[in-house]
There are 2 protein chains.
Amino acid sequence: MALIVQKYGGSSVADAESIKRVAKRIVDTRRAGHDVVVAVSAMGDTTDELLDLAHQVAPISAPRELDMLLSSGERISMALLAMAIHSMGFEARSFTGSQAGMITDATHGAARIVDVTPIRLREALDEGAIVIVAGFQGFNRDTRDITTLGRGGSDTTAVALAAALEADVCEIYSDVDGIYTADPRVVPQARKLDVVSSEEMLELAANGAKVLYIRAVEYARRHGVMINARSTFSSGQGTFVLSPGMTAPASIARTQESPMEEPIVAGVATDLSQAKITVIGVPDVPGKAAEIFKIVAKSGANVDMIVQNVSAAATGRTDISFTLPKTDASLALRALAAEQVDVGFESLVHDDQIGKLSVVGAGMRTHSGVSATLFEALSTAGVNIEMISTSEIRISVVVRGDDLAGAARVVHTAYGLDGDTEAVVYAGTGR
Amino acid sequence: MALIVQKYGGSSVADAESIKRVAKRIVDTRRAGHDVVVAVSAMGDTTDELLDLAHQVAPISAPRELDMLLSSGERISMALLAMAIHSMGFEARSFTGSQAGMITDATHGAARIVDVTPIRLREALDEGAIVIVAGFQGFNRDTRDITTLGRGGSDTTAVALAAALEADVCEIYSDVDGIYTADPRVVPQARKLDVVSSEEMLELAANGAKVLYIRAVEYARRHGVMINARSTFSSGQGTFVLSPGMTAPASIARTQESPMEEPIVAGVATDLSQAKITVIGVPDVPGKAAEIFKIVAKSGANVDMIVQNVSAAATGRTDISFTLPKTDASLALRALAAEQVDVGFESLVHDDQIGKLSVVGAGMRTHSGVSATLFEALSTAGVNIEMISTSEIRISVVVRGDDLAGAARVVHTAYGLDGDTEAVVYAGTGR
């Protein structure tokens, strides 16, 4: 008998029928002899509808009240889910973030978990009940107010509960059946991974893979929680995200082709959500880069890759390019333009037609030639590389947006990742 | 500067526009220099929609979970209302029933208030904030679970807050502009009352008047809270419900026609929601009535009027008639039929085409001839009386349902209650 935490997203509980299907899945887990704690998101588009209402009554929402408003969405889904389980003859109890002991700081809209005290959940489990917890929400002890955790909050709730309750596994359900070697909509030959390391998962998620939120994976890694990403709509085993020291369940280990050897590359991530800004004609004197990125940071924009060209000796000037989310570009451009005279650069170029391709694999640490394979594959395919950035287990390149899908396919093949069959692609995005 | 508690029902906050209108009304009260605490219901049909969802996922809802579900409705409306007030430049904070210190027993779905500890509301008021509280909901200390107060719960929340905070007045807003001498849809000449005593209001509410809930009026009477029933959609002063020892505000006293003299009759209430059951051929021996009403009570039906006919000496048998809500009739009929042999009655007659007319007035205590006027008016109008019941300040008669509206009009005229103009009738019912 294990303790299993399950998380169901909004699309898994979008209507009464979906809720009943999820209830059955939970009851099946209970019937198999396990204790079950469920973190649930708001139904379907509830959160967007509430945000829309908020916008209608007030152009700018008071953060405390917005959290009070949004947190009601999960109360609805969790109570309905508990009712559905009840009507199948099993005891179920729902708990708000506050009742579940999800203690956060006071940052409304993006609260960080500071403590988890699941006393009432333990009591309910000891009494044989299935526990349902509102995802996405917490409670601040000082202000005694309700908070929300921000994007991906329900995943984080599930992982934090799994950590606090020392659960055996944290199953994150969505409408995709696991982590793929690439986005199956971009690379039809993508294969589902049975296991992926948490560090690889972090790089994949940070570079465009949408199935799991970085924050939840980080929390799982730090607290030693095993994540199992799987589908609400199929019975597949999904993908296990393993942190150092963890071993995959026996059922998975048996199916792996070469369990003795770690694959060099886990997957290829693609990302069309970034833009590139180039600051042209920056005086090539110490401190200019710092000056520029201080301005960008102050604007609230999140910089990703940075490349500085070699200075042209004749002019004493250089160009600095960086990428950032498209939605942050206008913030950064406005901030830089305002300081043009002080910084002394010549002009700004904004390019939102870029694509980022990342190759991720823990094997890069011990294998040479990984980047050569990437560059060669892109060269053969005639794809021009505009920027390069690397981490210990990742190589990212910026290419033309139009080239991204084709590039992903040739790179996927070059690393021997192609599966024998085309992947099943679901309509949603898993959120 | 006064402390004013205001209650807005679901129809007053049905959509974003309504919420903004209510916010403006609250801000106006604050601008006039008063402290304001607001109890708010769920938006429009939210509660019904949530009940519908509950029914879709489970035929029978777990009571604890149903309260968790339903209580989310007020969280939405109160947060939106607080946001709307914020955007008008005023500080507003919303509180759940639990945060507001609304402590109840553990009876889910029909919890009774056992204590009100509005510590956080006091703090917020002291800091100059407008306070918004979720109506209809509370919190049980032993189970630490959320409860709901049942029908009319938000009115009760408002009155209980007014009592605990020693507010100067509890304004209950709806879509009708006060208490009328009769239902204006039945009696077009009905007049709005400037004041009504709480005991009269209780009788009116118990006998068909729908503007205020009995439970809230009882709470107000017991705790000395002055209620002011008024309209969200007009600026009229509404009706003040006064308990013993209270005097109407000066602005109202001046407008009353004869402030020195209490009117004999406050109003005429009509009720088409009852049915009549007659138990025919009951053995005329002691204890039979007790036997019958024990059976009815056990069935869960709520008996209102009871009449026992004079026994026919020849047969040694009598008939017993009683009225009860139409919705309870089948419960009572089934329970009685099951015990027919034991009780020894001959048959049951069920009549759901009745109407109840009640004349209510504190002046009945000191004036004779009040009932004579009623009977004479009905006789002149050719309306047959089927049952009569009286309290200290009320006379009720049961007539044919089809006769009820006509009877109400002639009785209204007979007691000199008719106004000079026709009452303005709103579409809704004020709930």
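User: Does A:His412 count as buried or exposed?

Analyst: A:His412 counts as buried because it has 27 C-beta neighbours inside 10 Å. A residue is buried if 20 or more other C-beta atoms lie within 10 Å of its own, exposed if 12 or fewer, and partly exposed in between, with C-beta atoms placed from the backbone. Please note that this is a predicted model, in which local features need pLDDT of at least 70 and side-chain atom pairs count only at pLDDT 80 or more, while totals for chains, interfaces and linings use all residues. Residues are numbered from 1 along each chain as its sequence is written, and chains are lettered from A and ligands numbered from 1 in the order in which they are written.

User: Which element holds A:His412?

Analyst: A:His412 belongs to helix 13 (residues 404-414) of chain A. Helices (H or I, at least four residues) and strands (E, at least two) are DSSP runs, numbered from the N terminus.

User: And what does A:His412 touch, leaving out residues up to four places away in sequence?

Analyst: Its contacts are A:Thr181, A:Ala182, A:Val187, A:Gln189, A:Ala190, A:Val268, A:Leu417 and A:Asp418. Two residues are in contact if their C-beta atoms, placed from the backbone, lie within 7 Å.

User: How far is A:His412 from A:Val265, in sequence and in space?

Analyst: A:His412 and A:Val265 are separated by 147 residues in sequence and by 9.5 Å between their C-alpha atoms.

User: What about chain B: which residues of helix 13 are buried there?

Analyst: In helix 13 (residues 404-414) of chain B, the buried residues are B:Leu404, B:Ala407, B:Ala408, B:Arg409, B:Val411 and B:His412. Their cover includes strand 13 (267-271), strand 18 (354-360), helix 12 (370-380) and strand 20 (394-400) of chain B. After helix 13 of chain B comes B:Gly416, with a positive phi near 70 degrees.

User: Stepping back, how many helices and strands are there in chain A?

Analyst: Chain A has 13 helices and 20 strands. Its radius of gyration is 23 Å, close to the 22 Å that the globule rule gives for 431 residues, so chain A is as compact as a globular protein of that length. The radius is taken over C-alpha atoms, and the rule is 2.2 Å times the number of residues to the power 0.38. Buried residues account for 49% of the 431 residues in chain A.

User: In what order do the eight strands of the open sheet in chain A run?

Analyst: The order is 3-6-2-1-9-11-12-10, with mixed pairing. Two strands pair if DSSP finds at least two bridges between them. Strand 3 (92-95) and strand 10 (195-197) of chain A are at the edges with a single partner strand each, so one side of each has no neighbour in the sheet.

User: How many bridges join strand 1 to strand 9 of chain A?

Analyst: Five bridges join strand 1 (residues 3-8) and strand 9 (residues 169-174) of chain A, and the two run parallel. Within this pair, A:Val5 has A:Cys170 as its bridge partner.

User: Which strands does helix 1 of chain A lie across?

Analyst: Helix 1 of chain A lies across strand 1, strand 2 (35-40) and strand 6 (130-134) of chain A, at about 155 degrees to strand 2 of chain A. Axes are lines fitted to C-alpha atoms, for helices over the stretch in contact, and angles run from 0 to 180 degrees between N-to-C directions.

User: What is the order of the open sheet with four strands in chain A?

Analyst: That sheet has the order 15-16-14-17 and antiparallel pairing. Strand 15 and strand 16 (residues 317-325) of chain A share three bridges, and A:Gln308 stands opposite A:Ile320 in strand 16 of chain A.

User: Now the two chains: how many residues does each give to the contact?

Analyst: Chain A gives 27 residues and chain B gives 27 residues. Helix 3 of chain A gives the most to the side of chain A that touches chain B, with twelve residues. The residues on that side of chain A are 18 nonpolar, six polar and three charged. Ala, Val, Leu, Ile, Met, Phe, Trp, Tyr, Cys and Pro count as nonpolar, Asp, Glu, Lys and Arg as charged, and the others, Gly among them, as polar.

User: What rotation superposes chain A on chain B?

Analyst: A rotation of 180 degrees with 0.1 Å of shift along its axis does so, with an RMSD of 0.1 Å. The two copies are therefore related as by a two-fold rotation axis. In chain A, the C-alpha nearest the axis belongs to A:Ser72, 2.6 Å from it. Copies are superposed by least squares on the C-alpha atoms of residues with pLDDT of at least 70 in both.
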